[in-house]
Amino acid sequence: MKQLNRRQFLKRGGALLAAGSLPFSLVEVAFGKGSEENFTFAYISDSHITHIKGNQFVRNWDRGLIRAIAETNLMDPRPDFTFYGGDIAQLGKPEEIDHGLEILGGLRGKLYQVMGEHDYYVDLGEHWRNQLGPDHYSFDHKGVHFVVLNSILTTDEWTHQNWETPMHRMKAMARLDNPNGSPFMVGDKQREWLKNDLDKISKDTPVIVFSHSPLQKIYKGWNFWTDDAEQVQALLRPFKKVTVLYGHVHQIQYNQIDNISFHAVMATAWPWPYPSSYKQAESHLPKLTIEMNRADPFHERDATGWQFINVATGNVDMHYLLPDNQNRIVGFDRELGHPVDKRYQLSKNAIPPQRHY
Amino acid sequence: MLKYILLCCIPFLVTAAPLGLPPVPVPENNQQTPEKIALGDKLYHDKRFSADGKVSCATCHEETKAFTDNLPVSKGFRGLTGTRNAPTVINSAYMKTLFWDGREPDLEGQSKQPPINPVEGGLPDHIPILKTITSDPDYQVSFKKVFNVAAADITMEHVSKAIASFERTIVSGNSPFDQYQYGGNKEALTVAQIRGLDLFRNKGRCVSCHRIEETQALFTDNRFHNIGIGFKKIQGKEDETAHNFLQQKRAEKNKSAKDFVDIAVLSNERVSELGRFAVTENPTNVGAFKTSTLRNIELTAPYMHDGSLETLEDVVDFYNNGGRVKETDPLSNFLAGGIRPLDLSDEEKADLVSFLKALTSPKIAKLAKQ
Amino acid sequence: MIKITLTLAINLLILASSQAIFADEFTTEDLQRWQAEYQSVLDKGEKLFHGGIKSKNTMSCDQCHPNATNTHPETYPKFQQQLGKVVVLGEMINWCIMNPLETDPLPLDSADMAALQTYITHERRGVKLEPGKH
């Protein structure tokens, strides 16, 4: 089927998800500039497939990924491609990566991958790269420059210290609140690569960066953190429209720092509390963010989900598909110059489940 | 008929909520009066509101069958079958949405749909109903008395309000469980039923959707979940079914979206399995159906939205297997996050069934015996 | 006789002043010792919370609750929707052990349960009590 852009499709009245998400008039405004290069892609992340023994995997995480894929496959028109945001596995075992990739095989269309720390720290990404290719790369699509970074590296000292086994290192990194952890970073080598990559494109080109860690400094205690965030942001500063999409945090977050919009994506596996709920330490959740609803742990898919992203004239609208919850849209507001939650941004619209205290 | 009104209305008119239930919610714009209730009762039983003069609300929601029809899927006009099992009217007053997929927000809205569905009442629209009413002298008098409306001005709003009023009196609590839990009578449940209650709260994982609380038990959370029933009919064809359904819905010119959905879900098995998605178009709602109340469940077999489970034992087995009839069946890709294998022993399963039988109200049981 | 009694009495007084043998007195030494007792259980609770409960599905409490966040011990007792009644913290801990962790619950009066509650509450220290708050 010929790829239609959103406006053409809406005019034909066959949109499966479009009009159900944004009021029709808003959609027209978002795409009103007449660009034929608007497009949609899907984003699934953080499935944390966990091996128990033999052929047994943790049922909860398997079901989360299966469901996200089944729902993504309902999208009509089909998204241009899907991104997977990292942490296929929980402890980086080949069984886990392979089982996750097997489930992802049910997804229709092209799939791009981002490295997560849970995929990396057992074998420093060897099995992942064997299966999936390089962990940092770029490509262009409909006038937008896409960059994928491996942003979960850390210091050589920590990585190559005298670990009892590689799995000890993996488990140390897997524990979110590990007091003996080590901060994520992109690192000198990759920043050099990024600089060269970005040198090749004009400053008017919209750029979308995929990173597992936030490329911001939110809360170091849980590695909601990229140590060289400022340096990476500096490389992105010359461009007019930049969006960073990141996983890792398992919650809704969004921010605007100068020209860069930041959006976190939901995990398919489980949600994490907001760092501000840890009262013994200070954290810096972007003030813009209206939190996701607190989960009911009985409903295993509550506060999990997947998302699709509309790219319109180089800015990003994030549509969160949230089982057991109202879906949410965080769209780029051209007048305000930053992302805005379409329903809840005014604090008076916030609902009790969003109060994380 | 009158017997039933006497049984239920008297406690209602003294505004005591049944034991184990909160007061019945009554909308501002449709207050209860004895005359309105009686009118609603009559309308509920009036078979003339169907294409062959043989189908009324009571056909599928009959008081001697705990306000259901004890069929897997209901039979309407000319014995035509739909795709869904008739839910009980008992305690439907506490529902926040009506129908298995919640496509109507209230009892008033619900009552208008079945008469004009081809497999239920079979009427093309509501006009024949209003014609029957306005040319019936008894109805003329009743409507005037209840709504102060002249015959020519009677609308389906009046009709549906009266029916809803009647349905708001079909409430029942005071089951052996209620007497045990809220009435302080520790002898009201058998030992097996007490074990069953504990399983219901804990290992059985029932209580999160089939709510029991400190002062009341609605046995429903009023939400929609895909528990894996019936998905085999749509397995592997979810995208195709969803896509075609939505295309047709958008292309429909002659009917409202609401009527289109009402007809489509009852006439097409695969569309029916879309569940709540057919109403919300939200991919996270595929195959999701409303949590039923469990009150009087012993009397409302067969079970589930397609009537596919015959006995309570079958139901408990289905949940025990984690959302499938046989342990070896595949699971729906859209399965709700609350469904998982339970690992219950045979005795535990029997205890749960025992407990479910303790949810029958004496007065409903009495009606069923008649 | 009187001399012996007097000596005894004086010795007792000396003894009393150096080690608190009166029930209503305790020393800074006692406080430190008791704090260490508490810390030992806190440490045990921290370990249990971080993978020490041998769950059937390998899950641990800290996976969803880093630093015991989002457990809200200061809101208990409260009406717990998942249990359908008002419960104390330990009952909800057991709910989590049975449900997300798919494992057998702990007796409410067990040492492990006490240790878990110690760790969870400790990570929430300083937050005011708000029983019943959802």
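This is a predicted model: local features need pLDDT of at least 70, side-chain atom pairs count only at pLDDT 80 or more; totals for chains, interfaces and linings use all residues.
Select helix α2 (residues 28–52) of chain C together with helix α5 (residues 111–122) of chain C: the two pack with their axes 7 Å apart, at an angle of about 90°. Angles of 65 to 115 degrees count as roughly perpendicular, and α2(C) and α5(C) are therefore roughly perpendicular to each other.

Next, show the side chains where these helices meet. On α2(C), pick Val41(C), Leu42(C), Lys44(C), Gly45(C), Glu46(C), Leu48(C) and Phe49(C). Facing them on α5(C) are Asp112(C), Ala114(C), Ala115(C), Leu116(C), Thr118(C), Tyr119(C) and His122(C). Coloured by class, the contact of α2(C) with α5(C) shows eight nonpolar, three polar and three charged residues.

Now bring chain B into view beside chain C. Their contact takes seven residues from chain C and eight residues from chain B.

Chain B contains 16 helices and two strands. Its C-alpha trace spans about 65 × 55 × 35 Å along the principal axes. A compact globule of 370 residues would have a radius of gyration near 21 Å, and chain B, with 21 Å, agrees with that. Of the 370 residues in chain B, 51% are buried. Among the contacts in chain B with a separation of 6 or more, 69% join residues 24 or more positions apart.

Within chain B, select helix α9 (residues 191–201) and helix α15 (residues 346–357). These helices of chain B pack at an angle of about 100°, and their axes are 7 Å apart. α9(B) and α15(B) are therefore roughly perpendicular to each other. From α9(B), the contact uses Ala192(B), Gln193(B), Arg195(B), Gly196(B), Leu197(B), Leu199(B) and Phe200(B). From α15(B) come Glu348(B), Asp351(B), Leu352(B), Ser354(B) and Phe355(B). By class, the contact of α9(B) with α15(B) is made of six nonpolar, three polar and three charged residues.

Turn to chain A and display its strands. Seven of them form an open sheet with mixed pairing, in the order β5-β4-β1-β14-β15-β16-β17 (chain A). At the edges are β5 (111–113) and β17 (338–341) of chain A, each of which pairs on one side only. Neighbouring strands of this sheet are turned by 25° against each other on average, direction ignored.

Strand β4 (residues 82–84) of chain A pairs with β5(A) in the parallel sense, over three bridges. To find one of the partners, select Thr82(A): its bridge partner in β5(A) is Leu111(A).

For the last stop, show chains A and B together. How many residues of chain A are in contact with chain B? There are 22, and they meet 18 residues of chain B. Helix α4 (residues 59–72) of chain A gives the most to the side of chain A that touches chain B, with six residues. That side of chain A has eight nonpolar, six polar and eight charged residues.

Technical notes. Residues are numbered from 1 along each chain as its sequence is written. Chains are lettered from A and ligands numbered from 1 in the order in which they are written. Two residues are in contact if their C-beta atoms, placed from the backbone, lie within 7 Å. Helices (H or I, at least four residues) and strands (E, at least two) are DSSP runs, numbered from the N terminus. Ala, Val, Leu, Ile, Met, Phe, Trp, Tyr, Cys and Pro count as nonpolar, Asp, Glu, Lys and Arg as charged, and the others, Gly among them, as polar. Two strands pair if DSSP finds at least two bridges between them. Axes are lines fitted to C-alpha atoms, for helices over the stretch in contact, and angles run from 0 to 180 degrees between N-to-C directions. Angles under 35 degrees count as roughly parallel, over 145 as roughly antiparallel, 65 to 115 as roughly perpendicular and the rest as oblique. The radius of gyration is taken over C-alpha atoms; the globule rule is 2.2 Å times the number of residues to the power 0.38. A residue is buried if 20 or more other C-beta atoms lie within 10 Å of its own, exposed if 12 or fewer, and partly exposed in between; C-beta atoms are placed from the backbone.
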